[in-house]
Amino acid sequence: MQRLVLLGLAILGLGSWFLGFQADPTRSLYGYLFAFVSVLTIPLGCMVFVLIQHLTRAGWSVLVRRIAEFGMATVPLFAVLFLPIALLGHDLFPWSHVEHLDENLIKKMPYLNMKFFMIRAAMYFVVWTGIAVWFYRKSLAQDANPNVTRQLWKWSTLGIVLFALSTSFASFDWLMSLQPHWYSTVFGVYFFAGCFLAGLAFMSLALMRTSIPLKPDHYHDLGKLLFGFTVFWAYIGFSQFMLYWYANIPEETEFYMRRLEDGWQSISWALLFTNFFIPFFVIMSRHAKRNKKVFAFGCLWILCAHFLDIYWLVMPTSGDEHWINFLPYDLGALLGILALFMVAFNWIMKGQSMIPKGDPRLKESLAFENY
Amino acid sequence: MHRGDLVLDEDLVKREDLIRGGLGYHDITEKVCKMAETPFLETHKGWLVGFALAASTLTMFVLAIGYLIWEGIGIWGNTSPTFWAWDIVNFVFWVGIGHAGTLISAILFLFRQKWRTSINRYAEAMTIFAVICALIFPGIHVGRIWVVYFFFPIPNQMDMWPNFRSPLLWDLFAVGTYFTVSLLFWYVGLVPDLATLRDRVKNKAAKLLYGLFSLGWRGSMRHWVHYERAYLLLAALSTPLVLSVHSVVSFDFATAQLPGWHTTIFPPYFVAGAIFSGFAMVQTLMLPARLWLGLKDIVTIKHIENMNKIILVTGSMVGYAYGIEFFMAWYSGNEYESFTFINRAFGPYAWAYWTMVTCNVITPQLFWFKKLRTSITVSFILSIFVNIGMWFERFVIIVTSLNRDFLPSSWHYFTPRIWEPIFLIGSFGLFFTFFLLFVRYLPVIAMAEIKGVIANGDDHHA
């Protein structure tokens, strides 16, 4: 039943997006890219969470790890969902219009060209799928054979290195190169902070709908991480903005100038509150993190605010002055991809053990106390 | 060990004991207090030699500063276009080292890393002394030190107001705040241990002093409740400080429009580098001390391995930043950016650049191997490498970006004079003088805290 509803939503969402596609194909592709990247950050966030837990031999998180593993295992779906971008990307990325490139973009051609772009995208999906499938399978194997834990510990090191490089470059390719003259060395870190927030918020919400014997203490810890990374996101965002504002070099301020016109200025200002001040105060208190309703609200807020952040990264580059008119189609794409992700997530989860019962640290997690 | 129908290896389930050798509460107190309780006349000869060396070097530093103020900063090799050189390199080097202490006491505390208890006191002391060394350099590099109060926002009749848009002023606040909070943190942690010393020492003057600084601590339940609350609050306040201080230091460079300085990754990259260099310095200081002070069961090979892992992680982050900077210099399509980076790697300072890359990125990768990261000798040598590499990192950032500016006719290869090494070595004299006094008279291990993590101890803290 649930699956039918989700599939219905997917059809509804992608269908309404398709109406937009018929009206204005180029403009609607930006909406698709926004939806694709927004939802993709959830499995990526789950993936880095899993890797960090193995890397640090964490005990508290054993009970919540499996949900993150289900989340990251949906990554192959996104390789399929990338196809429209691969096929129609020509309209999205200004650097692909080889016939009208200026001097600066001609210099970048060895990196910014369609062929290499595709090869890199394929590499990212190979890396992500490789990490997701390997760690998911090994984790299931661990249920029967706790000695697998050692392999999980060992390979999480390589996993995290590959993850860091692939997500950074994916963010350069899919987001930064939308304004191909613009560059920022910290962009990969900014994107990573968003991924981690999305992953944590999604995991926390998904956990609330399961029967895993969690204590408020586990939500408390997830909440602490969400709180910490909300601040980290703001720190990185501020560093990037402040340095470009201060130096005021035209090719660097281009990014912010675009986001301070055509109505984007209201979103730029709003981000400060939606992504920093509001979540900061909502989940700061211990009671908020331990109270399911308040915490669920906080997570939902952070997830939506994160989608707004991606919207703000992608949409201003479409050059559409009346972007708000197209918003329903953009949201349609988001709904559609989110619903497909949920279908995949539920399908992977079905019939599997909800906790890594072979993990040697399970007892530690069951007895976990956060004081 | 069995759980249901699963068979679990003991070593998979069990967390290793943090303190070895079956030490009990009393053994720990005895071991840690031994140095502080040695009578003045029986002071260890090795300590005396070390102290004499450090104090002489400090004297040289003070005299050199006096000469600098008398003669002006012209005694250094700084000249157009390289107006910032060793003075600022040393400043950033020392601030960076000052990062491990607060990271260990604040961030690792919040992450419930109990192994921190064996090294936190030591690292915090290092932090404070390193920040003192750091603060001296911006103070003396201004030249006319008698007007250094221009920095401070004091209302005065001359209508001189500091420029709040200047990162140099932010630095003053950032480093000053960091120093204050780190000192408080260190001191709050010391209170119960000072009380232990007060109760044990025989010498009356020492008893009076330890008693004065232990603030009437009697170890009652009420004291502990307040203490732990204060500790947690200070940890929460210091955590953003760990990030903010070095971010602000990075702004000194990154807000400028100079290629090689102006890049957005600087704040997190400087923080990672600072933690990297801080942990390396903790290793450099801790490895000999645990031998000489007989602390092998308290600072075990497990602690050393953990620190090496942090060195590997932060070293790789620094490597990531070097790589991304290089990539973006090309990707930007900006000829000045690419020139700066190519000049760094293949220009006249290539030797400094490759020293940096070797020490910061390549050699720490040896810590991927368990055998190497659990070897005391390898850890010690690599920690020295990191110290050297991180000094060179700041040298590369500052000097290679400046010495070839936008006008090729003004390019000038920077050469230090005799005074630059004197100031750098002199600052080590200051650092070691303080450090040796700390080792001699204060408990180098947080006794109260490690008593909370020994196998038979309760879980009351850390």
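Guide: The second largest pocket holds about 890 Å³ of space. A pocket here is an open set of points on a 1 Å grid over the protein atoms alone, where a 1.4 Å probe fits, with protein on both sides within 12 Å along at least five of seven lines; a lining residue has an atom within 4 Å of a point. The volume is the space filled by probe spheres set on the points, which are joined across faces, edges and corners. This is a predicted model, in which local features need pLDDT of at least 70 and side-chain atom pairs count only at pLDDT 80 or more, while totals for chains, interfaces and linings use all residues. Residues are numbered from 1 along each chain as its sequence is written, chains are lettered from A and ligands numbered from 1 in the order written, and side-chain values use heavy atoms, without hydrogens and water.

The lining of this pocket comprises 34 residues, and those closest to its centre are B:W47, B:A289, B:W292, B:L436 and B:V439. Five helices of chain B each supply at least two lining residues: helix 2 (25–37), helix 3 (45–71), helix 10 (266–292), helix 15 (376–403) and helix 16 (419–441). Helices are DSSP runs (H or I, at least four residues), numbered from the N terminus. The greatest contribution, seven residues, comes from helix 16 of chain B. By class, 23 of the lining residues are nonpolar, nine are polar and two are charged (nonpolar: Ala, Val, Leu, Ile, Met, Phe, Trp, Tyr, Cys and Pro; charged: Asp, Glu, Lys and Arg; polar: the others, Gly among them).

Helix 15 of chain B packs with helix 12 (residues 335–346) at an angle of about 115°, their axes being 10 Å apart (axes are lines fitted to C-alpha atoms over the stretch in contact, and angles run from 0 to 180 degrees between N-to-C directions). Here B:T340, B:N343 and B:R344 of helix 12 touch B:V396, B:I397, B:T400 and B:S401 of helix 15, contact meaning heavy atoms within 4.5 Å. This contact has two nonpolar, four polar and one charged residues.

Elsewhere in chain B, helix 5 (residues 99–110) and helix 9 (residues 221–254) pack at about 130°, with axes 8 Å apart. These two helices are therefore oblique to each other (under 35 degrees is roughly parallel, over 145 roughly antiparallel, 65 to 115 roughly perpendicular, and the rest oblique). Their contact includes B:H99 and B:L103 of helix 5, and B:Y231 and B:L232 of helix 9. It has twelve nonpolar, six polar and no charged residues.

In chain A, helix 2 and helix 5 (residues 83–92) pack at about 130°, with axes 10 Å apart, so helix 2 of chain A is oblique to helix 5 of chain A. Among the residues that meet are A:L29 and A:F36 of helix 2, and A:I85 and A:L88 of helix 5. By class, this contact has nine nonpolar, one polar and one charged residues. The loop between helix 2 (25–55) and helix 3 (62–72) of chain A holds A:R57; phi of A:R57 is near 55°, a positive value in a residue other than glycine.
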